[in-house]
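Subject: Model for your attention

Dear colleague,

I am handing over the model that we spoke about, and I would be grateful if you could look through it alongside the notes in this email.

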Amino acid sequence: MMQPRDLTQSADTSLPFALDYATMRQRFLAAARAAGAALSEHIHPLHGPDGKTIATDVAMIGQADAPKLMVMISGTHGVEGAYGSACQTAWLAQKANWALPDDTAVLMIHLINPWGTAWSRRVNEDNVDLNRNFIDWTARPPENPRLCRTALGLGCARLGWAGRIAADDALAEQTQAKGQTAMS
Ligand SMILES: [Zn+2]
C-alpha cells in the first residue's frame with residue numbers, strides 16, 4: 001500500500017507546504033521572485049525560537065498604480081500561517097496559469113504575524129489576537145448595549161473565587177431572563 005507523503009518534510013523547495021517559519025519564508029520568497037514580484041521585507045524586532053530573524057514579506061505583482069488591488073494576507077493567527085503561506089506560495093508558483101488584467105494588481109502579505117507563526121502561537125508577541133483587534137482604538141467603539149448587559153457574566157476580570165462565582169451568577173441570571181438561545 002502506498003504511504004501518504006509528508007509534503008511538509010520534503011526537500012523539494014518547489015512545494016508550497018512547510019511547517020517551520022524559515023522554510024515557509026524561503027519557499028514564498030522563491031515563488032515570488034520566480035513570479036517577478038516586487039518584494040519588500042519588514043523585519044520583526046524579536047526573533048524566532050531558533051534565534052533567527054523573522055519578518056513579514058510583501059510581494060507586489062502588477063502595476064503599482066493599478067486601479068484595482070487585491071490584498072491577500074496570511075498568518076493573522078500565527079499558528080495558522082502554514083496554510084495561508086502554502087496557498088500564497090502555490091498561487092505564485094502557478095504563474096503560467098494566471099494572467100492579471102491590466103487594471104488589477106495583487107499585494108501579498110506573507111505572515112502578517114511572523115512572531116506567532118514562528119512560535120506556533122495564535123496571538124502576537126504582545127498576546128494580542130490580531131483578528132479580534134482590527135479596530136481603531138482612537139475612535140469610540142461601536143455601541144453594543146446587548147453585549148454590555150451580558151458581558152459581566154461572559155467574562156470576569158479575575159479568576160479568583162469570588163469574582164468567578166459572581167460571573168457565574170450573572171451569567172445564570174441573564175440566561176434565565178433571556179433564554180438559552182439568546183445567550184448562545
Ligand atoms: Zn484563525
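The notes below go from the chain as a whole to its helices and then to some single residues.

This is a predicted model, in which local features need pLDDT of at least 70 and side-chain atom pairs count only at pLDDT 80 or more, while totals for chains, interfaces and linings use all residues. Residues are numbered from 1 along each chain as its sequence is written.

The secondary structure comes to six helices and four strands, where helices (H or I, at least four residues) and strands (E, at least two) are DSSP runs numbered from the N terminus. Along the sequence they follow the pattern α-β-β-β-α-β-α-α-α-α. Of the 184 residues in the chain, 24% are buried; a residue is called buried if 20 or more other C-beta atoms lie within 10 Å of its own, exposed if 12 or fewer, and partly exposed in between, with C-beta atoms placed from the backbone. Among the contacts in the chain with a separation of 6 or more, 64% are between residues 24 or more positions apart, a contact being two residues whose C-beta atoms, placed from the backbone, lie within 7 Å.

On the H1 side the contact is made by Met24, Arg27, Phe28, Ala31 and Ala32, and on the H2 side by Gly81, Ala82, Ser85, Gln88, Thr89, Leu92 and Ala93.

The buried residues of H1 are Tyr21, Met24, Arg25, Arg27, Phe28, Ala31 and Ala32, and they pack against strands S1 (38-47), S2 (53-61) and S4 (104-110) as well as H2 and helix H3 (114-118). Just after H1, glycine 36 takes a positive phi of about 80°.

Helix H5 (residues 161-178) is hardly covered, the count of buried residues among its 18 residues being zero. From its first C-alpha to its last, H5 reaches 26 Å, close to the 26 Å expected at 1.5 Å a residue, where the expected span is 1.5 Å times one less than the number of residues.

Leucine 111, with phi near 60°, is found in the loop between S4 and H3 and is buried, with 28 other C-beta atoms within 10 Å. Asparagine 127, with phi near 65°, lies in the loop between H3 and helix H4 (145-154) and is exposed, with 8 other C-beta atoms within 10 Å.

Finally, alanine 55 in strand S2 is partly exposed, with 17 other C-beta atoms within 10 Å. Leaving aside neighbours within four places in sequence, alanine 55 is in contact with Glu41, His42, Ile43, His44 and Pro114.
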